[in-house]
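Please read the following report alongside the sequence and the coordinates.

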Number of protein chains: 2
Amino acid sequence: MLTPRQRVILGAIVEDYVRSGEPVGSRTLSKHIHISLSPATIRNEMADLEDMGYLDQPHTSAGRIPSQKGYRFYVDNLMTKRGIEPSTLAQLRSLFRQRMDELEDLFQQTSRVLSELTQYTAIVLGPKVYQERIRHVQIVPLGVPGRAVAILVTDTGHVEDRYVQFPEDTSADDVVRLVNFLNHRLAGVTVASLKSRMVQEMADELARILGRYEDALAILDELSQVASPPDKAYVGGTANILAQPEFRDVDKVLPLLSLLERTDEAGYVLPDVQGPGVEVRIGHENAIPTLENCTVVSATYSIHGLPAGRIGILGPTRMNYARVVQILEYVADAMTRLLSERLSG
Amino acid sequence: MLTPRQRVILGAIVEDYVRSGEPVGSRTLSKHIHISLSPATIRNEMADLEDMGYLDQPHTSAGRIPSQKGYRFYVDNLMTKRGIEPSTLAQLRSLFRQRMDELEDLFQQTSRVLSELTQYTAIVLGPKVYQERIRHVQIVPLGVPGRAVAILVTDTGHVEDRYVQFPEDTSADDVVRLVNFLNHRLAGVTVASLKSRMVQEMADELARILGRYEDALAILDELSQVASPPDKAYVGGTANILAQPEFRDVDKVLPLLSLLERTDEAGYVLPDVQGPGVEVRIGHENAIPTLENCTVVSATYSIHGLPAGRIGILGPTRMNYARVVQILEYVADAMTRLLSERLSG
DNA sequence: GATTAGCACTCACCGCATTGGAGTGCTAAC
DNA sequence: GTTAGCACTCCAATGCGGTGAGTGCTAATC
């Protein structure tokens, strides 16, 4: 257990190091406002903190830097939220006051603003489609026989489309019948359940309508594909990583940038927690080894009380935790309100 | 004008430098197979080439490197295409042999493979929608009165959707009438013409159907927005830039990465040429100042004989021009064939 | 007249020693 | 328990000579 004095010293070291990026020495700390101890005393305390694993020393004659354990203790016990600076708050407010017709815009803009405000990398995951309810199904045949586009619209206004192939001799009438049937049977059903059991039981009915069982199955199979799009990730400010002194070295950033570049994998950077509140993963706490020197802070936003998607910030372990946590709290909250309001009445 | 011997020497310098990344000295060159001259002679020629601006010298006692003018001369007059290596060809063939249901996949995969093969950054621009013909229009009202999703499907299977707002008292019947009217009037029309004159003349007709003129205008205005989506850019291999020795310095890459990150601006990297063949822009020939030390090689792909979109490679001026040009020629050609074949009968 | 051998010169780069300074650990005094 | 003092450590910056690749120039050679 840490003594109150050790806690003050650890907190001061974390905050000083986050600000300056330089290892913190005992002399620097003794000048700190809330600490009126001589450098020697502080040295003793620092040696103890290092023994306990809260601090690291880059080399014998350097100051101390927080270890990952140190950051963890800071986040759990010492961090004080001072409220978001007015200018930041203003920028956030204006972001959510804009009229954004497209959901896509909202996510894109959010990731841009988040990365600008924090100077770290921001990741915004679009809402998971499979919880939404189907509002409309449409099939548009293209010029080529047997080829068409299937479109799914959910009650949130989310549109998914997919190129599908039909048996070549499917007639225009068949398509109309199919669309009517699907709309009748699927309206209000969640996307998730479309994939599973619905297909089975619908196949029989559909076979009656079309008069061909195999075709009915094939068509439904194609359609069910529409319902499982990959989660879309909006990544902003990847270039910001380079500005961080700990990533000035090209060899260290390369794996990180490669990871973020594949937007399909970028989603895995955010942990899959669905609870409320902000989640902080420091260094090795992340599942992905590439992130061993990074911290990922993430939060969940909801639609109508249901967790819908995640937003997060990726930066070095030397991160301004308090500020990032507060900003994410604000943004997750604002997105929850905006989306819930917009998508009901 | 360059003498034949000067041309041989310049060509050798370019190819040697592209391969090694080190300034080329006279001794190295004299060992070159096709050059049987003493270092001294070569030195004299190199001095002349430098005077004419084809070569640069990093410092007095270093070898020579090609200037941008030198690269330009090489590309225009000296470059010999030796044919793509078998292994590369195999990879390209297998890319286009895959079944790719979504156009999106095609562009994404192409940009990935291009960047992997070249180890540079690849940019693929999706086809310009406005040349395509409208196949189907759909409007799906959402739960909230006056809010709906408008969907446009083109004959290539391209789907555009947009959240739109209607007058709140628009009835379900009105929407059905509107959709029927639009499909009747717009089928086969190019997206481009929808924006311009169509709107004007349709407004009158629509007003008769709905019985309200202002609303008709408002609705058409919203719809015309759907028809002008930004060109979508698929950027792959941005991290590859870091692997290039000329961009090991973080300060030099940062502006480049920032540019590529904003995918809306990434499109501007490729010049807007619509002719056939491959375009090479070296250093300052690029419109964007950030690219002063980069070369952009680009090519156009077509659908049914009409230029549809562009693909390109971004790398340092020290680039393997012959190889990149050949690969782009191949890919543009393959995309043209694939898209034309797939989108007709 | 073109080519080449020879030579002095330049300059980046490497390794090495030197120095300064920030910071520590330890001990003894307060 | 706290602090002053001191020897010690180690990084980072600086300076310096040696090395080698490469050049430009001149004079000899073909």
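Predicted model: local features only at pLDDT ≥ 70, side-chain atom pairs only at ≥ 80, totals over all residues.

**Cores**

The largest nonpolar core holds 126 residues. Within this core, A:I123, A:L328, B:I123 and B:L328 touch the most other members. The contacts of A:L328, leaving aside neighbours within four places in sequence, are A:V278, A:V297, A:A299, A:I311 and A:I313. Another core, of 53 residues, lies apart from the largest one. Among the residues of this other core are A:A148, A:L152 and A:Y163 from chain A, and B:I151 from chain B.

**Contact between the chains**

Chain A and chain B each give 30 residues to their contact. On the side of chain B that touches chain A, the elements giving two or more residues are the strands β4 (134-141), β5 (147-154) and β6 (159-165), together with helix α11 (250-261). With six residues, α11(B) provides the largest share of that side. By class, the side of chain B that touches chain A consists of 14 nonpolar, eight polar and eight charged residues.

**Helix packing**

Two packed helices are described by the angle between their axes and the distance between the axes. Two pairs are listed here, one from each chain.

| Helix pair | Axes come within | Crossing angle |
|---|---|---|
| α5(A) (residues 86-97) and α13(A) (residues 321-342) | 11 Å | roughly 20° |
| α1(B) (residues 4-20) and α4(B) (residues 68-78) | 10 Å | roughly 110° |

In chain A, angles under 35 degrees count as roughly parallel, and α5(A) and α13(A) are therefore roughly parallel to each other. The crossing of α5(A) past α13(A) is right-handed. From α5(A), the contact uses A:T88, A:L92 and A:F96, and from α13(A) it uses A:I327, A:Y330, A:V331, A:A334 and A:L338. Seven of the residues in this contact are nonpolar and one is polar, with no charged residues.

In chain B, the range for roughly perpendicular is 65 to 115 degrees, so α1(B) and α4(B) count as roughly perpendicular to each other. Here α1(B) passes α4(B) in a left-handed crossing. The residues B:R7, B:L10, B:G11 and B:V14 of α1(B) meet B:G70, B:Y71, B:F73, B:Y74 and B:L78 of α4(B). By class, the contact of α1(B) with α4(B) has six nonpolar residues, two polar and one charged.

Most residues other than glycine have a negative phi. Where in chain B is B:Q119 placed? B:Q119 is in the loop between α6 (103-118) and β3 (121-125), and its phi is positive, near 60°. B:Q119 has 14 C-beta neighbours inside 10 Å and therefore counts as partly exposed.

B:H304 also has a positive phi, near 55°. The loop that holds B:H304 runs between β9 (294-303) and β10 (306-316) of chain B. Because 13 C-beta neighbours lie inside 10 Å, B:H304 counts as partly exposed.

B:L210 lies in helix α8 (residues 191-210) of chain B. Is B:L210 buried or partly exposed? A residue is buried if 20 or more other C-beta atoms lie within 10 Å; B:L210 has 19 and is therefore partly exposed. Not counting residues up to four places away in sequence, B:L210 touches B:D174, B:D215 and B:A216. The C-alpha atom of B:L210 is separated by 9.0 Å from that of B:T170, and these two residues are 40 residues apart along the chain.

Notes: Residues numbered from 1 in each chain as written. Chains lettered and ligands numbered in written order. Core = buried A, V, L, I, M, F, W, Y, C linked by C-beta atoms within 7 Å. Buried ≥ 20, exposed ≤ 12 C-beta atoms within 10 Å, placed from the backbone. Contact = placed C-beta atoms within 7 Å. Helix = DSSP H or I, 4+ residues; strand = E, 2+ residues; numbered from the N terminus. Nonpolar A, V, L, I, M, F, W, Y, C, P; charged D, E, K, R; others polar. Axes fitted to C-alpha atoms, helices over the stretch in contact; angles between N-to-C directions. Parallel < 35°, antiparallel > 145°, perpendicular 65-115°, else oblique. Left-handed = near helix turned anticlockwise from the far one by under 90°.
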